[in-house]
Amino acid sequence: MNHALIIGQYVPSNSVIHRLDPRTKIAIIFFFVIFVFFANTLTSYAVLTLFAVGTAVATKIKLPYILKGLTPVWFLIVFTFVLHLVVTKEGEVLFRILSYPIYSGAVEQGIAISLRFFLLILVTSLLTLTTTPIEITDAIETLLNPLKKIKFPVHELALMMSISLRFIPTLMQETEKISKAQASRGVDFRTGPMKDRIQAIVPLLVPLFVSAFKRAEELAMAMEARGYQGGEGRTKLRELRIEKIDILAFITFGIVLIGLFLTRA
Amino acid sequence: MKFRAIDLTMSAMFAALMAIGSNITSFLIVGGVPITLTTFFSILAGLLLGSRLGAVSMTVYALIGLAGAPVFANFSGGLSVMVSPTFGFILSYILVAFVVGKIAENRSSRTSFIFAAIVGLIINYGFGTNWMYFAYKWLASTDAISYKLAWTWMIVPLPKDIILTISAGVLALRLRKNIHKITNVFDKETIA
C-alpha cells in the first residue's frame, strides 16, 4: 500500500508513451480535452476514439490496469447514457421498452455524450498511468515557468509538491504506528456508534499532527543550514529534454486534429 | 508571494496530512462505512496554518492528487478526477482553508474557532454542490437532474460532517497548544 501511494497509478514499462517527455504528454492532453468538445459527427468521434485507443494500446499497459482507472466513473458514463435515453425526445421512435418510447435522437445523443465522457477519462488517466507524480511535478514547474514573471510562486509550489509526495508514505507509517500504540492502550476504532469512533480518532490525530509539524520544523532547519534560497540558480537532478519522439508525438496529434476538423460538420 | 523555508515545509506537510486524512478511516475502520475527513482537515488547515498557508497547502494537495498520487477520497487520483462532478469539493478546500483562516486569525477563543469551522463547512457544501450540479449538467448536457436533487444527495453526509466540523474547532485549539509545546513553528521570529 505504501508503494502504491508513492507512485500512484503509475505502471512501469518502457513503451513509447512512457518515454515521452511529461511536458509533451501534458500539452497533448490539454489540447485533446479541449478538442473533444469539437467533435460532432460520427466520423469525428471515430477519429478521436482511434487516437485515444491507439495511444492506450501503445502504452503496452494491460487492459485491467486501464479499466481500474475508469472504475470510479463507469457509473457516471452508464448513468448519463440511460438518462439521455429516458429524457431526450428527438427524432423518431425507434422502439418501445414496456411501452416507453425510445427515440433515435436519444440513442445518438446518449452514445455521443457517454463516448465524450469516456474519451476524456481514458486520455487523462493514460497520463497518470504512464507518468510518475514526481515527473508530472517537474513538468508543471517548467511549463508554468513563464508565470514567474507575474510573481506566481511556481518553484515553491513544485517544491512543496515534491516534499509532500515524499512525506505521505512516512506519515502513513506514522499513522499505523500510532494507531497500534493507541489500540494497545484500549482505543477502539472499529466498533461502536459513529460519535465514539470519531472521538477515537482524536488520540490518533494529536500525536500525528505534532510529529508532522516537528518534521516540518526539522526539514526547514536542514534547508536553511544548507543555504536554501528559493529557486534562483538551483540546478536539477532530473533534467527534462524534448527528443525526437516528442516531435513525432506532436506531429501525430496534429494529424489527428486535422482529421477531426475535416470530419466535423 | 514570499515563502520562508518553514512556510514551505509546513504547507507541504499539511498537504501530506490531508492525504492521510482523506483515507484514514479506510485502514482504521474495518467493516464500517469509510468516511473521509477531508473537510475536517481543510478546516484544520485554516485554523492551524492561517489563511495564506492554509490555502497554499490545500492547493498543493489538489495538485499532487491531479498529478496522480491517490490522495483523494477512496484512493482516487489523477487528472481524470477533474472530469468527475465531485471535483468541486476538492477545489472548495482551498477556499475553506482560506476563509476559515481569515476568520480565526488573531482570535483564539473556542467559540470563534467553532464559528470559523462552521462557516468552512457551509462554503464546502455550497461550492461543492453547486459545482457538482453545473459540472454534471454541462458534461452530460442534460437538465434531467434538478438543482433540488443535487442538494438532496448532500443530506446523507450532513450530520456526520456537522459533528466533525465542531470537533475540528475544538481540536484545533488543543493541537495548537500541543504543537507549540515542542516546536517553534508558530513563532514568527525563531526561524527566519
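Thr39(B), Ile43(B), Gly46(B) and Leu47(B) in helix α2(B) meet Phe113(B), Ala116(B), Ala117(B), Gly120(B), Leu121(B) and Asn124(B) in α4(B). Contact here requires C-beta atoms, placed from the backbone, to lie within 7 Å. The model is predicted: local features need pLDDT of at least 70, side-chain atom pairs count only at pLDDT 80 or more, and totals for chains, interfaces and linings use all residues. Residues are numbered from 1 along each chain as its sequence is written, while chains are lettered from A and ligands numbered from 1 in the order in which they are written.

Two packed helices are described by the angle between their axes and the distance between the axes. The axes of α2(B) (residues 38-66) and α4(B) come within 10 Å and cross at roughly 130 degrees. This makes α2(B) oblique to α4(B). Angles under 35 degrees count as roughly parallel, over 145 as roughly antiparallel, 65 to 115 as roughly perpendicular and the rest as oblique. Axes are lines fitted to C-alpha atoms, for helices over the stretch in contact, and angles run from 0 to 180 degrees between N-to-C directions. The crossing of α2(B) and α4(B) is right-handed (the near helix is turned clockwise from the far one by less than a right angle).

Chain B has six helices and zero strands. Both are DSSP runs, numbered from the N terminus: helices are H or I, at least four residues, and strands are E, at least two. The C-alpha trace of chain B spans about 55 × 35 × 35 Å along its principal axes. Of its 192 residues, 55% count as buried. A residue is buried with 20 or more other C-beta atoms within 10 Å of its own, exposed with 12 or fewer, and partly exposed in between.

Ser108(B) lies in the loop between α3 (87-104) and α4 (110-139) of chain B. Ser108(B) counts as partly exposed because it has 13 C-beta neighbours inside 10 Å. Its C-alpha atom is separated by 32 Å from that of Trp131(B), 23 residues apart along the chain.

The contact between the chains takes 54 residues from chain B and 63 residues from chain A. On the side of chain B that touches chain A, the elements giving two or more residues are α1 (5-23), α2 and α6 (158-182) of chain B. There, α1(B) gives the most, with 13 residues. In chain A, 20 of the 27 residues of α6(A) are buried, so this helix is largely enclosed by the rest of the structure.

Key. Contact = placed C-beta atoms within 7 Å.
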